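Here is a short report on one protein chain. Look over the sequence and the structure first, then read on.

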Amino acid sequence: MPLSELLATYGGMYVTALLTTWSLTAVSFLGVMVLGLLVTVLRVCPVKPLRVVGDLYVQIFRNIPGISLLVFVVYALPNLNVVWDYRTCVIVTVVLVGSAFGSENLMSGINTIGVGQIEAARSLGLTFTQILRQIVVPQAVRSAILPMTNLLIAVMLTTALASQTPMKPPELTGLVSYINTRTVGGITPFVASALAYAGTAFVIGFVGNRIDKKVRIIR
Amino acid sequence: MSAPVDVMSMRDALYEEPGPHTLRRIRIFTGVSLVLVAALVGLVIHRFCVTGQLDPKYWSFFLKGTTWAFLGRGFLGTIGVAVTAGVLALLLGMVFMFGRISTHRPLAMVSRVVIDFFRGIPSLLLIYFFFLVLPQYGVKMTSFWMICLPVTLTASGVIAEVLRAGVNAVPKGQWEAAYSLGMRRTRILLKIVLPQAMRIVIPSLISQLVVVVKDTTLGYVVSYPDMLQNARVLITNYDALVSVYFVIAIIYILVNYAINELSVRLARQSGTRVIGRTNENPV
């Protein structure tokens, strides 16, 4: 199928698909950050059972294949009387998986700071809240910029799982299978979607690198 | 998990040695949180109970040998794809990496675009390319290759970057010393730098295997009989969706956990860092 024909027939759907992918990514990433932060707080808190829960959460969701989690959320949860629409199911899946990785990023951000700094801060008489607010969080956030940029791209790629549900309207990956199961679409629909993904990833990566260069702490 | 050795110490270093007052509060919180966690687990089990999912008919077939033999065959299918794709991705990633660090400008540019392209698109999209698009051009392949090649391509982009990070981590002095001995660039790369780089990236490469294993689960799209696909057959046979997915998910988690642990251990032993994309790609 030539490009002009593709655009005439499916142009509108492509715009919708791109916007769907973007909105899924944005909403999921917001959820990833919030839940990732929450899990990280659990993992560093002094209460042992909560730490274990946080660690367990990360190990479970970073190791589970996205598709089997999605299938569980979509098809198994209704058996347990939990019913969501497809969009919510996809977002929940992406957030669960992504937040495990997000928490790992935050943890390694915290770990780069080094015990010595905390000891130094404490011997200067800083309280726990001061240590967190003035020493730990600023440094952890700065060194987490680049990993979080990559996570944002990864979250976008993970939203392709939505193509495995009958979600309407389809996102970029779902649209390729939608077109190709209806007509002989040829390579053009694939290239269009691939470029949309790769282009978005490129822009995210570019902006992330810029911010990182500005705020990075050179050790 | 860049510095797993420090995880505990940094966690603990955040707090002062608790005094008797704080200690009591921590104990109370520990008790409360234990109760909460138990309540949560209880709630989930209760949910399973009231919806009848704990009924023996949903679980009893896991006691049969045939069930496990069938799942085992699927597991072998998974391993087949994962190992093939892993090896191919390593070779291809190596090629891309050589292109990327080449002094030949156009070649470096092209390699960079190719690497970024494969890192920037979801493996599902590539699977559809091999499954729906290529057949339209008369390219026929078995379901094994239809899952293997997309997984290989997406992994090779990431692996190329991991390898490059490894090459960059070899000290500059190694290059300079080899140049001053009169060695050529290619020879230095192959004989001096790459062997050291490989040692640095082995843990990272192993952790990339997790991504590959996860991607193989998309094999059901092309109806390749991997473990997830066989699980679907079990589900239709026994009409037991929740229990089968529950068990399958645990198997995948354990396998990937083992791979991750191996990579972290190796990294700790050799004193290197696990390099990945975020550290790895979800999906």
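Where does UniProt place the feature "transmembrane region" in chain B? The unreviewed entry lists residues 28–48, 68–96, 117–138, 144–167, 188–213 and 233–259 of chain B. Such annotations may be inferred rather than shown by experiment, and their positions follow the numbering used here.

This is a predicted model, where local features need pLDDT of at least 70, side-chain atom pairs count only at pLDDT 80 or more, and totals for chains, interfaces and linings use all residues. Residues are numbered from 1 along each chain as its sequence is written.

Chain B has 11 helices and zero strands. Both are DSSP runs, numbered from the N terminus: helices are H or I with at least four residues, strands E with at least two.

Now take one helix pair. Helix H4 (residues 65–100) and helix H10 (residues 227–238) of chain B pack at about 155°, with axes 7 Å apart. Axes are lines fitted to C-alpha atoms over the stretch in contact, and angles run from 0 to 180 degrees between N-to-C directions. H4(B) is therefore roughly antiparallel to H10(B), a label for angles over 145 degrees. Contact means heavy atoms within 4.5 Å. Among the residues making this contact are Phe70(B) and Arg73(B) of H4(B), and Leu234(B) and Tyr238(B) of H10(B).

Finally, the C-alpha atoms of chain B fill a box of roughly 75 × 70 × 30 Å, taken along the principal axes.

Conventions. Chains are lettered from A and ligands numbered from 1 in the order in which they are written. Side-chain values use heavy atoms; hydrogens and water are left out. Angles under 35 degrees count as roughly parallel, over 145 as roughly antiparallel, 65 to 115 as roughly perpendicular and the rest as oblique.
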